[in-house]
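Hi,

Here is the structure I promised to pass on. Have a look at it first, then read my notes below.

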Amino acid sequence: MNLTLLMYLIPSLIMFGCGVYGFLTRKNMIAIMISLELMLNSVDINFVVFNRFLFPGHFEGMFFTLFAIALAAAETALALAIIINVFRIARKVDINEINKLKF
Amino acid sequence: MPLSLTIAVVAIPLFMFFFLGLAGVKMGRKLTGVLGVLGMLVTTVLAYGVALTYFFGDGPQVVDGVRKAVIVFNPDWLSFTDTLVARMGIALDPIAAMMLVVITTISMMVHLYSLGYMSDHHGHPEKGFQRFYADLALFTFSMLGLVVATNLFQIFIFFEMVGVSSYLLIGFYYHSPAAIHASKKAFIVTRLADLFFLLGIMILSFYTGTFDFFNQNGMVGMTDSMEAAQTAITSAGGATFMGCSVMAWALTFIFIGGAGKSAMYPLHIWLPDAMEGPTPVSALIHAATMVVAGVFLVARLFPLYVIEQGAMEVICVVGAFTAFYAAAIACVQSDIKRALAFSTISQIAFMMTSLAVSASQEGLIEIHHGYGLGYMASMFHLFTHAMFKALLFLCAGAIIHAVHSNENDDMHGLHKYMPITSIAFLIGCLAIAGIPPFAGFWSKDEILVACYEKGLGWGIWMSMVAGLTAFYMFRIYYLIFFWKEHKVHTEHRPADQVWTMTVPLIILGAISCVAGFVPMHDLVTWDGAALHTQLNWTVAGTSVAIACVGIALATVMYYKENALPAKMKNAFSGLWNAAYHRFYMDELYQFITHKVIFKAVCVPIAWFDRKFIDGFMNLLADATNQAAYGIRRLQSGSIQGYVYLYIMGALLIAVVSMVCVLI
Amino acid sequence: MESVGNILMYFVIVISIIVFSVLTVTTRKMLRSATYLLFVLFATALLYFQLDYQFLGTVQIAVYAGGIVVLFVFSILLTHKPGKDAAALDVHRRWLGLSAALLGVAACGYALFSYCAFCGKELTGDGSITIERLGHFLLSTDKYGYLLPFEAISVLLLACIIGGVVIARRR
């Protein structure tokens with residue numbers, strides 16, 4: 001049995017689907033962030049896998065993933081800071097109940 | 001004195017307007033007034049210098065004994081086409097130079113007079129004293145700019161500006177509803193007339209291809225451009241509109257513009273109401289200067305009118321009718337300022353008629369060689385009338401200031417209390433009645449001669465009006481100064497006013513005595529050449545006799561209190577009432593505007609506007625509103641909804657592209 | 001032909017990725033969700049190791065597992081009472097999410113199976129990279145040099161730090 005490119009893409013795809021499902025269904029803002037991380041992670045896997053299988057001597061995909069991880073860290077930190085601040089003010093993390101700024 | 005100083009003559013009042021208008025409030029009343037008078041004094045001296053240089057200096061303006069127009073400067077302002085260029089310039093020719101003298105003299109007198117007149121209002125300090133002086137300066141500037149204009153476009157602009165300053169000054173007492181109504185009325189009526197003026201300008205400039213009065217090289221007077229004008233008119237001669245040539249229409253329209261300013265029938269209705277303004281303003285604007293702008297305009301375009309006899313006939317008829325109509329109304333008015341206003345209308349109509357009869361000579365060539373007596377007479381009368389009418393108005397102002405009323409019932413017998421004013425008023429009356437050697441005699445005599453030259457009927461008609469003039473002026477005079485003893489209130493004992501108000505009366509009275517001896521026929525003629533005239537003793541004698549009859553009649557009826565006027569009033573009550581109500585012209589206008597125009601035209605238009613125009617706009621707004629409400633749900637603010645739509649959209653694109661690949 | 005160990009490793013990784021991904025989004029306890037996420041991330045790191053990207057795997061563990069998940073756990077603990085379930089999902093919402101996810105997976109899977117020209121490609125060569133070369137790449141301005149994105153990321157992280165401080169600061 002050979003491990004082909006496709007075999008790595010399938011779990012990544014399923015992970016992405018889970019991320020989408022979670023993003024669309026969860027109400028908790030932190031849960032939504034977690035789903036987002038899932039999606040990001042699946043994309044990272046795709047970059048790495050394509051890079052490794054198609055261009056073994058090159059590292060563009062790997063670097064892209066590296067930077068994406070850094071970006072994800074930054075984004076998560078900020079988002080969680082905002083969520084905690086919102087929680088501090090509204091005592092809520094449910095995305096449907098945070099509607100004070102809505103028209 | 002160099003003629004280029006005319007620029008200073010025009011510029012100083014403009015500067016004074018800005019200066020007094022902006023800094024006046026800080027400066028205080030006294031300083032403002034004194035500065036205004038001083039500025040006007042400088043302007044007057046310069047204007048006299050320029051005019052004297054123009055008339056008597058041997059500058060380049062005199063060529064073979066003929067005075068040409070001098071264009072001091074004339075830069076381009078708006079270039080409509082290569083040839084049709086609106087310029088802003090200063091030009092001097094005989095009538096402009098004469099008008100400079102008239103305007104600055106009267107304006108100077110009024111400035112001085114206002115120092116006294118405007119100092120208090122029924123015992124309180126007058127509000128807006130500084131504004132008054134600024135507005136006077138604005139008016140003076142506008143009027144000077146008008147008379148030195150080099151082209152029709154410029155004259156139109158200054159026409160509007162005198163209209164604006166007139167509006168401002170009529171509405172000076174803006175807390176009085178009557179003054180506001182009067183100012184609006186004056187503005188609207190003259191605007192309506194100016195609409196025609198603008199139409200006339202457009203037609204004229206379209207066919208002649210120029211706005212300019214004078215030829216380009218600056219030394220050629222209007223008379224020499226006549227051939228050019230004639231060519232232009234004949235080239236447009238093929239174009240006719242409703243049976244008249246377009247030139248006749250254009251010139252008639254321009255005359256209507258002038259008639260609006262000069263209060264010719266039926267556009268005269270604003271002038272009597274304009275007397276709501278302060279009396280010095282009435283003297284300056286509504287008696288002496290602005291109201292002759294129409295006459296000036298016709299005189300400016302005189303060479304064109306000479307060619308277009310049709311337009312001249314219109315002016316002639318309108319002028320002759322207005323002269324009589326206004327004189328008849330003046331006979332019964334009880335408000336002295338209104339009576340004087342109608343007298344002004346009548347006198348301006350004299351000038352118009354005189355211009356008109358002057359043009360209706362036989363053929364062009366003869367005119368070229370020294371006819372145009374009526375033109376000279378008209379300008380002469382403009383000059384003398386400005387002096388004695390300003391005198392009369394200033395006297396009226398002094399009287400009103402003394403008794404705090406405009407009605408002659410509140411006056412009577414003032415001769416004892418105000419001798420200087422009385423004598424000045426008498427001089428004015430004698431001048432306007434045409435008794436030699438006062439100013440009016442000389443100019444009115446020339447007008448009558450010109451009318452008799454046109455035809456016996458015209459002459460007799462105008463002589464009759466002249467007699468009427470003498471009658472109503474002396475009626476006013478007697479009712480003010482004699483008739484019966486004055487009822488003296490203890491707190492207000494009428495007397496001659498302060499020196500600032502008396503001095504202008506004396507100066508203007510002196511001018512009214514001697515102005516007739518100004519050799520106007522040498523100076524102000526339409527082709528610039530001296531006109532040889534001599535006193536026509538037949539006409540002069542007749543007119544003096546008629547004037548004497550009028551005066552005698554007035555003396556019999558009004559010198560001492562008697563029942564004769566009341567009897568006359570009862571005998572001709574219908575006529576008297578009609579004249580007192582100005583032959584119901586105001587009511588007619590009221591009917592036409594309110595009942596006919598408002599009801600029949602404006603109401604449907606307003607309905608259409610409200611229902612259709614507004615309705616359409618409301619429809620657009622409502623549709624947008626509804627659509628916005630409809631799609632507002634999409635903008636839910638729910639991030640998950642957005643993501644869902646986004647994913648579905650991406651999927652749709654993916655599916656479509658896959659299907660496309662499969663196909 | 002791969003070694004059996006490699007294949008076994010692959011299956012462990014893939015199954016844990018799939019199972020824990022599903023559990024992450026379906027569990028109703030937030031803290032468990034975060035823990036499952038941690039497992040997914042660990043599995044991903046293992047996957048990177050298997051593909052010879054040791055450095056990337058290390059970074060994945062250090063930053064994601066060590067940093068981000070800890071942040072998640074902190075914020076969950078700050079905002080939730082422990083042991084309390086999240087409210088049940090309403091049916092409508094679940095079907096909506098499920099349809100989107102499944103349709104997406106179906107479309108992408110179909111595309112993968114139908115059009116992927118190199119999907120059958122096998123692993124070749126040694127893809128590993130030494131830290132030294134990686135460092136040279138990151139700080140190089142040559143072709144395949146990443147100095148500019150590296151600096152941009154540093155600025156971004158700085159901005160993020162400041163932003164985090166400003167947002168979280170008690171006024």
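Helices are DSSP runs (H or I, at least four residues), numbered from the N terminus.

Also, this is a predicted model, where local features need pLDDT of at least 70, side-chain atom pairs count only at pLDDT 80 or more, and totals for chains, interfaces and linings use all residues. Residues are numbered from 1 along each chain as its sequence is written, while chains are lettered from A and ligands numbered from 1 in the order in which they are written.

Now for chain B. The axes of helix 18 (residues 439–454) and helix 22 (residues 537–558) of chain B come within 9 Å, crossing at roughly 115 degrees. On the helix 18 side, B:Lys444, B:Asp445, B:Leu448, B:Val449 and B:Tyr452 meet B:Val539, B:Ala540 and B:Ser543 of helix 22; "in contact" means C-beta atoms, placed from the backbone, within 7 Å.

Next, chains A and C: their contact takes 54 residues from chain A and 72 residues from chain C. On the chain A side, helix 3 of chain A gives the largest share, 20 residues.

Finally, helix 2 of chain A is mostly covered, with 19 of its 26 residues buried (20 or more other C-beta atoms within 10 Å of a residue's own, again placed from the backbone). Helix 2 of chain A reaches 38 Å from first C-alpha to last, close to the 38 Å expected (1.5 Å times one less than its number of residues).

Cheers

Definitions and conventions: Contact = placed C-beta atoms within 7 Å. Helix = DSSP H or I, 4+ residues; strand = E, 2+ residues; numbered from the N terminus. Buried ≥ 20, exposed ≤ 12 C-beta atoms within 10 Å, placed from the backbone. Axes fitted to C-alpha atoms, helices over the stretch in contact; angles between N-to-C directions.
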